[in-house]
Structure formats: structure tokens, C-alpha cells
Amino acid sequence: MVQCPDRIIASIDTGVDDALALAYLLGSTDECELGGVIAGYGNVDANTAYANTCAVLDLFGRADIPVFLGSEHPSWADAFIPDAGCAQFHGDDGLGNTRLAGSGALADGACVPGDDMSGDDMSGDDMSGDDMSVDVPDEVVSVGGYLAGDVHAHPALGACSRVNRSRSVGHPQSAMPTALASGGKRRCSVDAADGIEYLIEQVREFGRDVTVLATGPLTDVDAAITRAPDIASKLRLVMMGGTLTQPGNCWDAVAETNIIQDPEAANRVFHSGADITMVGLDVTHQCLLPQSAADRWRATGTKRGRFLADLADFSIKANLEADPALFSGGMPLHDPLAAAVALDSSLVDCFDLALRAETNTGDFNGVRGRTTGDPVGLVNHSMPHVHVALGVDSGRFLDEFVERMAEVCR
């Protein structure tokens with residue numbers, strides 16, 4: 001029998017599949033303890049991710065699980081704006097337009113309270129990066145992983161048009177998300193602790209008896225290792241992101257979304273010496289959730305079942321419209337598969353190699369955001385290696401996932 005980790009700490013950017021992964025973990029209490037969640041930027045802005053995370057945990061009766069605010073922007077930028085691509089696959093609110101988190105959704109122009117940011121709409125006819133106005137000229141702004149002004153930088157509708165310098169990931173955040181400031185169920189406030197510090201404390205206390213599950217950019221993990229280099233050798237990380245043998249899912253069809261957000265952070269984490277399992281598109285695109293699963297959850301007649309079914313319905317439709325050939329069988333279970341691998345590593349077959357994330361685009365540099373083997377590892381065998389998942393028992397995973405989610409709906 002596979003020995004399951006005692007404790008999971010999740011670093012997430014709560015969109016549709018992150019929410020499904022959370023629900024899956026909450027239905028796996030016999031196998032793991034979800035010790036805490038760090039919500040940061042990625043599919044949505046960090047504040048929306050925090051609000052979404054709290055709303056999902058509250059829906060499933062787990063307001064006791066602490067939620068911390070993580071990174072608000074990538075390590076290479078001063079600020080972050082969600083992009084239209086993520087909104088296409090996750091909805092304006094990050095949760096398939098279910099509005100579970102109420103008025104704190106991105107579509108309502110939510111910004112970090114206390115920052116001097118307007119909710120002005122950026123939804124003009126031309127949403128190219130060239131026409132995106134940012135009122136702080138000295139800022140380095142990431143629009144979904146692309147530098148503001150890049151031809152690929154397309155802000156999501158409702159994103160804030162003025163961006164001020166946000167806090168460093170090294171300092172606590174004191175603002176509470178709009179959705180929770182009035183009448184939220186959660187008993188803890190967002191300034192209860194710093195998410196990066198929490199991650200450090202957990203790894204120092206539990207070592208590899210705690211698994212860090214990262215389903216968003218690796219900025220949080222990188223920030224923790226940078227602040228506390230001693231944790232690298234003790235860190236067990238299961239991450240969703242990257243691709244080795246398949247095309248990417250970004251504009252250039254080379255990079256994968258979580259990696260393109262912060263390639264510098266990913267590259268540092270890959271070389272840190274941590275025990276890393278990469279669950280990328282090589283395997284997640286083999287795990288497609290069919291419409292019949294959503295129908296089964298909806299048939300439970302519960303609020304939880306309807307919510308999970310709504311998430312699946314939204315994602316199934318969005319993916320089918322994006323690529324009818326690849327996703328005719330359903331939505332790819334990116335983050336849920338990573339969560340399942342954190343509990344049972346036998347679900348995937350891995351190839352170990354020295355890995356790097358490309359940080360530049362150009363001749364002899366590759367393409368920014370692409371995950372490849374690090375050629376130095378061919379001659380320096382002492383370089384850290386990453387377990388890259390290339391095979392998956394998709395049938396077993398899908399059966400277990402659908403059944404467990406049906407149980408958690410009740």
C-alpha cells in the first residue's frame with residue numbers, strides 16, 4: 001500500500017480546477033490532513049484567489065482550515081493583472097461565473113482595499129497590450145505572464161486599469177478581500193499570518209512528512225526557499241505545471257500557463273534540491289472529466305453538488321470550444337490530478353532528469369516559459385533532478401476522483 005503523506009499545504013491560484021482539487025482533498029480526510037492553504041495570483045488576482053478559497057472551504061464546512069495570502073505578483077514584476085485567457089477557462093470570477101465568493105469577484109473590478117487602484121473597466125474593443133494603460137510608468141507589470149505592452153498581453157475584462165506597487169512577497173498583507181469584509185463566514189482574517197512564512201514554518205516542523213501542493217505559479221515556493229534556504233533539502237513538492245513531451249497551452253504553444261507566469265521562480269525551484277514531482281500537460285491532458293460526472297454530481301440535489309457540476313459544465317464547454325479534437329472527452333483535470341498524486345504517487349510513472357525553465361526567448365536561449373532538460377545535467381550528474389510525470393493510470397484516477405467527489409457532494 002502506498003504510504004500517504006500526513007499533511008498537505010496547498011499553494012493555489014483558485015480557479016475552476018483548483019476548486020475541484022480543494023474539494024477532492026476535503027473528501028480525502030482518511031488519507032491526508034489539509035493543514036492550510038496559501039492563495040496567490042495566477043488564474044485571478046491574489047485577493048480574488050483568497051476570497052474564492054475561503055468560499056469553497058466554507059461551502060464544504062471547513063472554515064477551520066487557515067487561509068493565507070501568498071504572492072500578489074511574479075518575482076520579476078511589481079504588479080500583476082489577470083489575463084483574458086484565464087478568464088476564458090475559469091470565468092470572470094475564477095469559479096466559472098458561479099459568483100460563490102460574492103461581490104469580491106474580478107468581474108466587479110475588485111482591487112486590494114487600501115491600494116490606490118481604480119476599478120475602471122479595461123474592456124474596450126481593443127484589449128491589446130499596446131493599448132493597456134497603466135498609470136504608474138515605473139512599474140513592471142505582468143499581464144498573465146507577459147510584460148505589459150507585449151502583443152500577447154490581454155487583460156481580463158474588469159481588471160483594474162491602474163496598478164500601484166504592491167507589497168513584496170516577504171511581508172504580511174493587511175488588507176481583507178472585499179467579499180469577506182462584510183458578513184463572510186471565515187473566522188480568520190487575511191493578516192493573521194504571512195503565507196510564505198507559514199510555508200517555511202510547516203516545512204521546518206514536518207520536513208517531508210508535509211507535502212507542498214502547488215497548483216499555481218511557483219512564486220510562493222521560490223519566495224520561501226529564498227527567504228529560508230535551509231528548507232530546500234527538506235521540501236517535498238508536488239506541482240501542477242510545465243510540459244516536457246507535449247505542446248504548451250500559451251500563445252506560442254510552447255510554454256505552460258503556470259510556468260510562463262514566473263519562469264525565473266520555477267527555474268530556481270527546479271535547481272533548489274527539493275524533492276519535486278512535476279505533473280504537467282503530458283499527463284493531465286490524458287485525464288478528461290466527462291459530462292456524465294457533472295450530471296452525477298448535480299443529481300445529488302445539494303448545493304455542493306450543483307456548485308461542482310457548474311464548475312465542470314463551464315470548463316467542459318470552454319475546453320471543447322478551444323480545442324474540439326483534444327477535449328472532446330471532457331475537461332482536463334490539471335490540478336485535481338496533482339492533488340491525487342500528492343496522496344498517491346503510484347498514479348503516475350516518472351522520468352527523472354535535471355530540469356530547467358527557460359527565462360528568455362531568442363537565438364540560443366529557447367522560448368521563455370518552456371520546461372526542458374538542463375543540458376548541464378548531462379555532464380554534471382550531481383545536479384538536482386525532478387520527477388517528471390510522463391505516464392498516468394488515468395482510468396483508476398478518474399474512477400476514484402468521480403466517486404470521491406460524489407461522496408463529498410452529499
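Modeller: The second largest cavity holds about 50 Å³ of space. A cavity here is a set of points, on a 1 Å grid over the protein atoms alone, where a 1.4 Å probe fits but cannot get out; a pocket is an open set with protein on both sides within 12 Å along at least five of seven lines, and lining residues have an atom within 4 Å of a point. Grid points are joined across faces, edges and corners, and a volume is the space filled by probe spheres set on the points. By this rule there are four cavities of 30 Å³ or more.

The model is a predicted one, in which local features need pLDDT of at least 70 and side-chain atom pairs count only at pLDDT 80 or more, while totals for chains, interfaces and linings use all residues. Residues are numbered from 1 along each chain as its sequence is written, and side-chain values use heavy atoms, with hydrogens and water left out.

The lining of the second largest cavity consists of Ser11, Ile12, Gly40, Tyr41, Ser71, Gly216, Pro217, Thr219 and Asp220. Helices (H or I, at least four residues) and strands (E, at least two) are DSSP runs, numbered from the N terminus. By class, the lining divides into three nonpolar, five polar and one charged residue. For these classes, Ala, Val, Leu, Ile, Met, Phe, Trp, Tyr, Cys and Pro count as nonpolar, Asp, Glu, Lys and Arg as charged, and the others, Gly among them, as polar.

Glu197 and Arg227 form one, with their closest N and O atoms 2.8 Å apart. Glu197 belongs to helix α5 (residues 195-206) and Arg227 to helix α6 (residues 219-227), so the pair ties together parts that are 30 residues apart in sequence. Both ends are partly exposed, Glu197 with a relative accessible area of 27% and Arg227 with 31%. Buried means under 20% relative accessible area, exposed over 50%, and partly exposed in between (1.4 Å probe, protein chains only).

Arg204 is partly exposed at 44% relative accessibility, and Asp230 is partly exposed at 33%.

The structure holds 16 salt bridges. Some of them are joined: Asp344, Asp393, Arg396 and Glu400 are linked in a network of salt bridges. Within that group, the side chains of Arg396 and Asp393 meet at 3.2 Å, N to O. Arg396 is partly exposed, with a relative accessible area of 27%, and Asp393 is partly exposed, with 35%.

The largest pocket has a volume of about 920 Å³. Its lining has 42 residues, and Phe89, Asn249, Cys250, Thr257 and Asn319 lie nearest the centre. Helix α3 gives the most to this lining, with six residues. The elements that each supply at least two residues include α1 (16-26), α7 (257-261), α11 (303-322) and α12 (334-343). The lining of the largest pocket is made up of 16 nonpolar, 18 polar and eight charged residues.

Helix α8 (residues 263-270) shows a burial pattern: Pro263, Ala265, Ala266, Val269 and Phe270 are buried. Down the axis of α8, these buried residues fall within an arc of 160°, so they line one face of the helix. The arc is that of the directions from the helix axis to the C-beta atoms.

Arg99, in the loop between α3 and β5 (141-143), has a phi near 55°, a positive value in a residue other than glycine. Phe364 has a positive phi too, near 65°, and is found in the loop between β13 (355-357) and β14 (371-373). Arg99 is partly exposed, with a relative accessible area of 33%, whereas Phe364 is exposed, with 90%.

Conventions. A salt bridge is a side-chain nitrogen of Lys or Arg within 4 Å of a carboxyl oxygen of Asp or Glu.
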